There are 2 protein chains.
Amino acid sequence: MTTARIIDFLNTRRPEGPCLVVDLDVVRDNFKAFRHAMPDSSIYYAVKANPSPEILRLLAGLGSNFDCAGVAEIEMALEAGATPSRISYGNTIKKERDVARAHALGVSLFAVDSHEEVEKVSRAAPGARVFCRVLTDGEGAEWPLSRKFGCVPQMAVDVLVYAHQLGLVSHGVSFHVGSQMTKVDAWDVALADAKRVFVQLAKQGIELKMVNMGGGFPTKYLRDVPSAEAYGKAIYGALRKHFGNQLPETIIEPGRGMVGNAGVIKAEVILISKKSDNDNHRWVFLDIGKFGGLAETMDEAIRYPIRTAHDADEMEPCVLAGPTCDSADVLYEKNMYPLPVSLTIGDEVLIEGTGAYTTTYSAVAFNGFDPLKSYVI
Amino acid sequence: MTTARIIDFLNTRRPEGPCLVVDLDVVRDNFKAFRHAMPDSSIYYAVKANPSPEILRLLAGLGSNFDCAGVAEIEMALEAGATPSRISYGNTIKKERDVARAHALGVSLFAVDSHEEVEKVSRAAPGARVFCRVLTDGEGAEWPLSRKFGCVPQMAVDVLVYAHQLGLVSHGVSFHVGSQMTKVDAWDVALADAKRVFVQLAKQGIELKMVNMGGGFPTKYLRDVPSAEAYGKAIYGALRKHFGNQLPETIIEPGRGMVGNAGVIKAEVILISKKSDNDNHRWVFLDIGKFGGLAETMDEAIRYPIRTAHDADEMEPCVLAGPTCDSADVLYEKNMYPLPVSLTIGDEVLIEGTGAYTTTYSAVAFNGFDPLKSYVI
């Protein structure tokens, strides 16, 4: 959402070129909403969503833990004030030397989803705690996860037994229901799987302690999404259903849900044109596109709210495209985007819900364009 | 191709992490092949393919001109030794203040494809030469261009007349047959369209002089591609067919065809695993993926040759994926990639044909990973 603080910043500073502005007050509110809705779960902020130092410092101060995808993110979390005990190395695909680096920094919680990864962790971080990621189907997610991460639950049992045999602490199970998950009951099936892994391990004398329930908490783009409370209610209901009175420790890893709605990208209309005189549709070109930070428009997956000064005027569907010489740099074409008829070249547009997965996705210098600038206020 | 110089560099320097190594000798050979095959066309290297200063300096020294997508690329070409007269601002989507900046730097050749863009150029670069891009269907291209750029030929006539009325020099017509175009006769239809625009303009007393035949010249990935000679023969045949004895000035804009086969990415196998015990397919994870520079594997479009030390061994189809926590970061899954059964974690792989469209596409810091490093030797 475009807060008064963001509007004030843009009016006062008038930054040139496309830029992201993130309002820390919104991040703080989001953190509190998660903590309030799911008081018995530890929050591990998914750093990859937006690793700005200001955001990490705020969250570290509020007591957040951190889910890191690599050593650089671990270093950023430590720099922001987190202790190593508050960090999870959540990527299931790690170089052994990166596991060793994380271990040397004091990190002792690692994700795995294969025997091969367990072997690396056992060599490079002996004695560490590991959790095994299980596959979920991701049904209902707007940015579904493929089969890339996780293994089937039966194999997770074998992986965790193997970890135990190699001297690691088999600590728990993780899953991810899929990013921008708008079905609050999506966690139910995955928690049933997690419970089955707990039971199988217990039969072999290994007591798992933790369920990492991942991310997937959505940001409001064009459609309303359930509140943190609604997720909390559904998830804790599912936890009680499957685990009864023996609730495990639980972790959640919000990324998009923590920062998505805190950011707004200011962009500019570079060109509005047609392809022929009898073309029914206008092409609207912005100074930001797929390679400038809006990578999640890939396959038109994420549909951002766009605000202009003319939104009270008549609207018409437009093709919306980015500024590069790459024909893949079209944001919305199959499902055209309604924009004001009165929109003109040079107009500013505000792209809301862009606090997550924009700055770091931005290309280094494609077409010579600078990466997306970011201001955290 | 992995040249002896590249192998020697990798063996001597042992750079850590994924990196691109570009052999300037191959770039030089490619330039000479284009000049030899198409001696009557001016070569405008598409800087966006790879803007490394060493490549730009080499090509400037060889007499190349430069097709630039933005002001930063223009500045890089000037820095490399090109004069402004050797630069084309080839992006049809430009901010008016960027047109003014280019004009101030001495650039006087601009692409347009709409009345609106003509107005900007007439205001910000009065008296400049413009060429109008016409739509082509891109049939036969492996990375086809959408309808994003260009207008229908009839509208191009109107756009060029309008440019003339606004005091610009209506200089010519451009088209782009689509990147990685392997059909040498693809230029024929587009040249027929171009000729019709010439004829229409002549009827209104405006003499066009130039046809910009764009890029599209391929790099050899897995399949053989026609030689520069074959393109030259087909294209000059088509030019004579449509323009007879009144051949226009012609421009070509090779990017991928100039640098693609000059570069090799060295990467490392991070993990090889299966999703279940009875999974038929191995997943092979590299330390580079879609967000580290291999963006053109989007929709599995570009299929790079991958070399390993085990290529004499039995092969099996694998899913190939990148290192990030993004499930979209899978390179080849629908069409799995044959890799040696004996490939193991830690092995080095060489990804050939990666000299173009890798370094600048790379994400700034997604998952905290560094952008693709590049060495030009």
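Analyst: Start with the cover. The buried residues of α6(A) are covered by elements that include α5 (96–104), β5 (109–112), β6 (129–133) and α7 (153–165) of chain A, together with β12 (263–273) of chain B. Contact here means heavy atoms within 4.5 Å. Helices (H or I, at least four residues) and strands (E, at least two) are DSSP runs, numbered from the N terminus.

This is a predicted model, where local features need pLDDT of at least 70, side-chain atom pairs count only at pLDDT 80 or more, and totals for chains, interfaces and linings use all residues. Residues are numbered from 1 along each chain as its sequence is written, chains are lettered from A and ligands numbered from 1 in the order in which they are written, and side-chain values use heavy atoms, with hydrogens and water left out.

Now the helix itself. Helix α6 of chain A runs over residues 115–124. Its buried residues are Glu117(A), Val118(A), Lys120(A), Val121(A), Ser122(A) and Ala124(A). Buried means under 20% relative accessible area, exposed over 50%, and partly exposed in between (1.4 Å probe, protein chains only). An α-helix has 3.6 residues a turn, so residues three or four places apart point the same way.

His103(B) sits in helix α5 (residues 96–104) of chain B. It is partly exposed, with a relative accessible area of 31%. Beyond its neighbours within four places in sequence, His103(B) is in contact with Phe110(B), Ala124(B), Ala125(B) and Pro126(B). Val71(B) is 32 residues away from His103(B) along the chain, and their C-alpha atoms are separated by 10.0 Å.

Next, the relation between the copies. Two copies of a chain are related by a rotation about an axis and a shift along it. Here a rotation of 180° with 0.0 Å of shift along its axis superposes chain B on chain A, with an RMSD of 0.0 Å. That is the relation of a two-fold axis. The superposition is by least squares on the C-alpha atoms of residues with pLDDT of at least 70 in both copies. Of the residues of chain B, Ala363(B) comes closest to the rotation axis, at 2.1 Å (C-alpha). The copies meet through the same surface, because 100% of the interface residues of chain B are also interface residues in chain A.

Step back to the whole chain. Chain A has 10 helices and 18 strands. Buried residues make up 63% of its 377 residues. Among contacts in chain A between residues at least 6 apart in sequence, 71% join residues at least 24 apart. The C-alpha trace of chain A spans about 75 × 40 × 35 Å along its principal axes.

Some loop residues deserve a look too. Arg14(B) lies in the loop between α1 (4–13) and β1 (19–22) of chain B. Its phi is near 45°, a positive value in a residue other than glycine. Arg14(B) counts as exposed, at 52% relative accessibility. Glu300(B) also has a positive phi, about 55°, although it is not a glycine. Glu300(B) is in the loop between β13 (282–286) and β14 (306–307) of chain B, and is buried, with a relative accessible area of 18%. In chain A, Met298(A) is in the loop between β13 (282–286) and β14 (306–307). Met298(A) is buried at 11% relative accessible area.
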